[in-house]
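The sequence and structure are shown first.

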Amino acid sequence: MLTIRFDELGLRAGDRVLDVGAGFGRHVYECARRGAHVVALDYAPDEVGQTRNTLAAMVEAGEITADKLVGVLRGDARRLPFPDGSFDIVITSEVLEHLQDDVSAIAEMVRVLRPGGRSAATVPAWLPEPLNWK
């Protein structure tokens, strides 16, 4: 289930997108399908491995081209390993509520977003969350 509205975000082919807390990659897959150059970052090693494998399978199946996959890596949202202004779009979905220091994570996401870039963040809402997962 996608929680980011990519049409409203203005995602365009060629955009450099970072998904912070990508999990198993649901938003990364959509970004790549839309022609973005994607980087998936997550703290959980099993999720990083699964996302890497799924994206490789998408390339093999011809769903996306290999140049759309910039990387899938394990990392900490509070210390992003990218230079300032590296991305056109930064997304994070259902992640901030799990971080004790969400303010530092948000500051890092802003730091790696290029001037004039776009971002989207979602957090669970009380009623929709249990409905979505049923």
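Ser93 is placed in strand S4, which spans residues 87-93. The model discussed here is predicted. Because its relative accessibility is 7%, below the 20% limit for a buried residue, Ser93 counts as buried. Beyond its neighbours within four places in sequence, Ser93 is in contact with Thr3, Ile4, Val20, Gly21, Arg26, His27 and Thr122.

## The chain as a whole

The protein chain contains five helices and five strands, and along the sequence these follow the pattern α-β-α-β-α-β-β-α-β-α. Of its 134 residues, 43% are buried. Among contacts between residues at least 6 apart in sequence, 71% join residues at least 24 apart. The chain exposes about 7,300 Å², of which carbon and sulfur atoms supply 55%.

In soluble globular proteins, nonpolar side chains tend to be buried together. The largest nonpolar core here has 21 residues, and Cys31 and Ile91 have the most contacts inside it. The elements tabulated below each supply at least two residues of this core, as does strand S4.

| Element | Residues |
|---|---|
| Helix H1 | residues 6-9 |
| Helix H2 | residues 26-33 |
| Strand S2 | residues 37-42 |
| Helix H3 | residues 45-60 |

Helix H2 gives the most to this core, with four residues. Another core, of 13 residues, lies apart from it and includes Val39, Ala77, Met109 and Val112.

Leaving out residues up to four places away in sequence, Ile91 touches Ile4, Phe6, Leu9, Leu18, Asp19, Val20, His27, Cys31 and Ala120.

Note on methods:
Residues are numbered from 1 along each chain as its sequence is written. This is a predicted model: local features need pLDDT of at least 70, side-chain atom pairs count only at pLDDT 80 or more; totals for chains, interfaces and linings use all residues. Side-chain values use heavy atoms; hydrogens and water are left out. Buried means under 20% relative accessible area, exposed over 50%, partly exposed in between (1.4 Å probe, protein chains only). Contact means heavy atoms within 4.5 Å. Accessible areas come from the Shrake-Rupley method with a 1.4 Å probe; for residues, only the protein chains shown count as cover. A nonpolar core is a set of buried Ala, Val, Leu, Ile, Met, Phe, Trp, Tyr and Cys residues joined through side-chain atoms within 4.5 Å.
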